[in-house]
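Please keep the model open beside them as you read.

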Amino acid sequence: MKIEINNLRFTYPTGLEALRGISLTIEAGEQVAIVGQNGAGKTTLVRHFNGLLQPTVGSVLIGDWDTKKYSVAKLASRVGYVFQNPDEQLFSKDVGTEVRFGPRNLGYSKEKIDELVTRALALTELSNKTETNPYDLSPTWRKMVALASVIAMDTPIVIFDEPTTGQDAVNVARIAHVIAKLRREGKTVVTITHDIDFCAENFERVIALASGQVLLDGPAREILGQEEILAQTYVDPPQLTRLGKKLGFKETVRSQEEFLNSLKNSIDASQSK
Amino acid sequence: MHERLSFYVKRNSVIHDLNPLTKVILTLALILIAFTSPWYWTPHLLVLVAIIPLSFIGKVAPEFFRTAIRIILPAAGFLFLMQAFFQPVGDTVIFKFYFLDVTQESLMFAFRNATRVIVMVSAFTFMLLTTHPSELMSDLTRRGLPGQFAYVIISTLQILPQMQAKAQTIISAQRSRGLDTESSFLKRMGSLSPLIGPLVFGSLAEVEERAIAIEARGFTSKKVKTSLHEIPDHSSDKIIRWGLVILVILSIALNLWPS
Ligand SMILES: Nc1ncnc2c1ncn2[C@@H]1O[C@H](COP(=O)(O)OP(=O)(O)OP(=O)(O)O)[C@@H](O)[C@H]1O
Ligand SMILES: [Mg+2]
């Protein structure tokens with residue numbers, strides 16, 4: 001499902017203008033990462049996608065729905081939103097109930113709910129923890145519960161607000177696996193992240209925000225190459241990308257594999273001289 | 001981060017600029033006078049000519065009236081009814097309600113007591129609206145109030161707004177997962193009930209964490225501490241405070257004086 005943002009401006013009641021004219025289109029099935037310094041307005045932007053915030057100026061369209069005309073509860077059938085902090089999102093007495101909460105509200109049939117819940121739990125490797133109280137789980141697993149509870153809603157658009165912050169390597173890999181699965185299912189995924197390696201390895205399109213405006217928007221490979229412009233919003237390209245640049249690779253590299261390939265090519269080239 | 005952590009409303013007014021102790025004394029004076037003055041209409045007059053105008057001067061009238069209508073008036077109304085019906089004084093019966101006699105004396109008595117309670121609660125509300133709790137506490141500790149005491153008061157004042165803010169974030173999480181909060185009140189309460197545990201335990205854990213954090217910065221150290229934040233205490237503050245103390249003494253004296 002497509003997301004269309006037209007000249008969006010948003011001012012908090014405190015008078016702070018957090019978004020200052022944003023226009024974007026995110027196509028159905030796209031995998032988009034949003035980066036930018038603290039306070040750039042990333043969270044504020046995605047909170048418009050499910051109607052938790054309403055534009056001060058401009059509009060946000062989710063498919064053919066203008067978010068102004070639909071309640072948050074209605075928009076929940078199209079947009080799933082995983083909060084930045086799982087502790088602000090979990091409230092049930094056990095993991096199973098927590099994950100059922102969303103699909104049940106959306107009014108699916110009993111069989112469909114069972115199926116969605118089982119799948120979401122399997123995908124997040126929580127199947128053996130359904131009886132546990134989320135508050136007895138470690139923060140990494142609480143994050144997975146938060147993910148599962150949103151994935152189970154089977155929405156065409158899924159938003160992750162800083163999914164990898166404070167997570168160990170094993171769990172980051174688990175989250176990447178979940179996102180890859182959603183991509184294969186053709187879902188639109190929008191992820192806010194400060195983890196630039198995670199961004200480089202998992203997303204095709206990158207949007208950089210700086211003080212409420214779009215600084216850069218385009219294919220990850222192009223954006224991550226623009227070291228100077230990214231520095232304006234305090235984002236460093238991944239180490240390998242920067243090293244590749246220093247080594248004079250023509251291509252912008254994003255992963256170990258690409259780096260090794262480019263390295264091999266340049267060695268071959270210099271040997272054949 | 002941006003949520004309201006106390007009743008305090010930040011505005012620019014002469015009341016906000018008063019020293020916190022002055023506002024505490026003002027509150028206590030209003031209450032003491034309402035309860036000791038021998039003249040029947042004193043509490044009513046205090047509400048009309050002191051507390052309500054003060055809320056306008058302090059630019060917190062909207063918040064003040066909201067609290068008054070939602071909390072203070074219903075509580076006072078309840079007290080009025082209880083006392084009007086169950087106070088066995090006087091014999092000028094106005095009407096009978098089954099076995100209960102409502103007399104003119106009991107009505108008068110109930111009316112005054114309810115108004116006294118209104119003075120008490122609204123004076124406190126007024127103080128909380130115009131005084132930042134941490135400013136109040138640093139001023140009082142500077143004047144010799146034990147830090148532990150200040151800590152207990154501050155955490156009590158903050159716990160409700162904190163829980164409120166927390167409940168609010170969880171409600172928006174629930175709406176994001178399709179809970180229709182415009183739906184019935186019962187359904188909403190139902191979805192909130194599993195929250196009570198996490199809310200209470202979460203708040204307790206927060207209090208403990210804060211205790212550790214402040215201890216790590218030498219909270220119980222016996223050394224005299226300096227303060228980063230200077231709280232002004234003008235001579236006008238002192239004049240107001242003494243003026244109020246004299247009024248209270250007068251009121252008590254008039255009450256004790258056998259006339
Ligand atoms: N509820 C609020 N009330 C007032 N101002 C807010 C509120 N929430 C955020 N802001 C302000 O709006 C601006 C953008 O905040 P936002 O949370 O969108 O940033 P962000 O890009 O998500 O940052 P981070 O990387 O730290 O999560 C910041 O200056 C922030 O202080
Ligand atoms: Mg954020």
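1. A word on terms before we start: a pocket here is an open set of grid points, where a 1.4 Å probe fits, with protein on both sides within 12 Å along at least five of seven lines. Please also bear in mind that this is a predicted model.

2. With that in hand, turn to the second largest pocket, which holds about 1,300 Å³ of space. Its lining counts 34 residues, and those closest to the pocket's centre are Ser138(B), Thr141(B), Gly147(B), Phe219(B) and Lys225(B).

3. Which helices build this lining? In chain B, α6 (133-142), α7 (147-176) and α9 (196-215) each supply at least two residues of the lining of the second largest pocket. The most comes from α6(B), which gives seven residues.

4. By class, the lining residues are 11 nonpolar, 14 polar and nine charged.

5. Now move over to chain A, where helix α3 (residues 95-105) and helix α5 (residues 139-151) meet. Their axes come within 7 Å and cross at roughly 35 degrees, and the crossing of α3(A) past α5(A) is right-handed.

6. Which residues make that contact? From α3(A) come Val95(A), Glu98(A) and Val99(A), and from α5(A) come Val145(A), Ala148(A) and Ser149(A). Sorted by class, the contact of α3(A) with α5(A) has four nonpolar residues, one polar and one charged.

Note on methods: Residues are numbered from 1 along each chain as its sequence is written. Chains are lettered from A and ligands numbered from 1 in the order in which they are written. This is a predicted model: local features need pLDDT of at least 70, side-chain atom pairs count only at pLDDT 80 or more; totals for chains, interfaces and linings use all residues. Side-chain values use heavy atoms; hydrogens and water are left out. Axes are lines fitted to C-alpha atoms, for helices over the stretch in contact, and angles run from 0 to 180 degrees between N-to-C directions. Helices (H or I, at least four residues) and strands (E, at least two) are DSSP runs, numbered from the N terminus. A crossing is left-handed if the near helix is turned anticlockwise from the far one by less than a right angle, and right-handed if clockwise. Contact means heavy atoms within 4.5 Å. Ala, Val, Leu, Ile, Met, Phe, Trp, Tyr, Cys and Pro count as nonpolar, Asp, Glu, Lys and Arg as charged, and the others, Gly among them, as polar. On a 1 Å grid over the protein atoms alone, a cavity is a set of points where a 1.4 Å probe fits but cannot get out, and a pocket is an open set with protein on both sides within 12 Å along at least five of seven lines; lining residues have an atom within 4 Å of a point. Grid points are joined across faces, edges and corners, and a volume is the space filled by probe spheres set on the points.
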